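Hi everyone, thanks for making time today.

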Amino acid sequence: MSTQKHEPGMARAETSAPALNRDILDALTTVIKRAGSVADSIATGFGVAPPDLLAIFKLDGPLAMKDLAQRLSCDASFVTAIADKLEKRGFARREPSQRDRRIKNLVLTPEGVAAKERLMAELAAKMPWCYALNDEERQCFLGLLRKMLDTPHPDATADAGQATQQ
């Protein structure tokens, strides 16, 4: 029996509507697969792998390679391989950090900035939320995504406590 507190009017999802939850999971996985296929196709058009494309998207200015690894949720050694590919294509360059010269930042070149602009235009034309939803619906969708990402799982603290006791 759970003693977790929930917001008023919010039932636990696993008991409130199992068919609805399955339908959401099915639709979400389909959207993710479709988005992945679009990303793969765009990456191929740019002559890079999908992770390289995601790195271009994440670079808004000079960024330490270890910080890029965190943004990409990958190992720093993988970012080194990405940086190598982006440098080879002329999309990025490494430069020493102004604050700590031991740290290498990855910076988009003018060609990389242009590629990022083309990337954003292609994404806007091909991602389902860009062509199927109007501005108000996209704002709502973004709000719902952020709410899900920002809300800790209700059992997260209990799970963490159990893990440390084992």
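Predicted model: local features only at pLDDT ≥ 70, side-chain atom pairs only at ≥ 80, totals over all residues.

The protein has nine helices and three strands. If you follow the chain along the sequence, the order is α-α-α-β-α-α-β-β-α-α-α-α.

Now some overall values. The protein has 166 residues, and 22% of them are buried. Its accessible surface is about 11800 Å², with 57% of that belonging to carbon and sulfur atoms. As for contacts, take those between residues at least 6 apart in sequence: 47% of them join residues at least 24 apart.

Next, the helix pair. Two packed helices are described by the angle between their axes and the distance between the axes. Here we look at α3, residues 50–58, and α6, residues 110–126, whose axes come within 10 Å and cross at roughly 100 degrees. An angle from 65 to 115 degrees counts as roughly perpendicular, so that is how α3 sits relative to α6.

Which residues meet there? From α3 we have L53, I56 and F57, and from α6 we have G112, K116, L119 and M120. Sorted by class, this contact has five nonpolar residues, one polar and one charged.

Finally, have a look at S73, in the loop between α4 (65–72) and α5 (76–89). Its phi is near 55 degrees, which is a positive value in a residue other than glycine. Is S73 buried or exposed? S73 has a relative accessible area of 67%, so it counts as exposed, the cut-off being over 50%.

Conventions. Residues numbered from 1 in each chain as written. Heavy atoms only, no water. Axes fitted to C-alpha atoms, helices over the stretch in contact; angles between N-to-C directions. Helix = DSSP H or I, 4+ residues; strand = E, 2+ residues; numbered from the N terminus. Parallel < 35°, antiparallel > 145°, perpendicular 65-115°, else oblique. Contact = heavy atoms within 4.5 Å. Nonpolar A, V, L, I, M, F, W, Y, C, P; charged D, E, K, R; others polar. Buried < 20%, exposed > 50% of the residue type's maximum accessible area, 1.4 Å probe, protein only. Areas by Shrake-Rupley, 256 points an atom, 1.4 Å probe, with all protein chains shown as cover.
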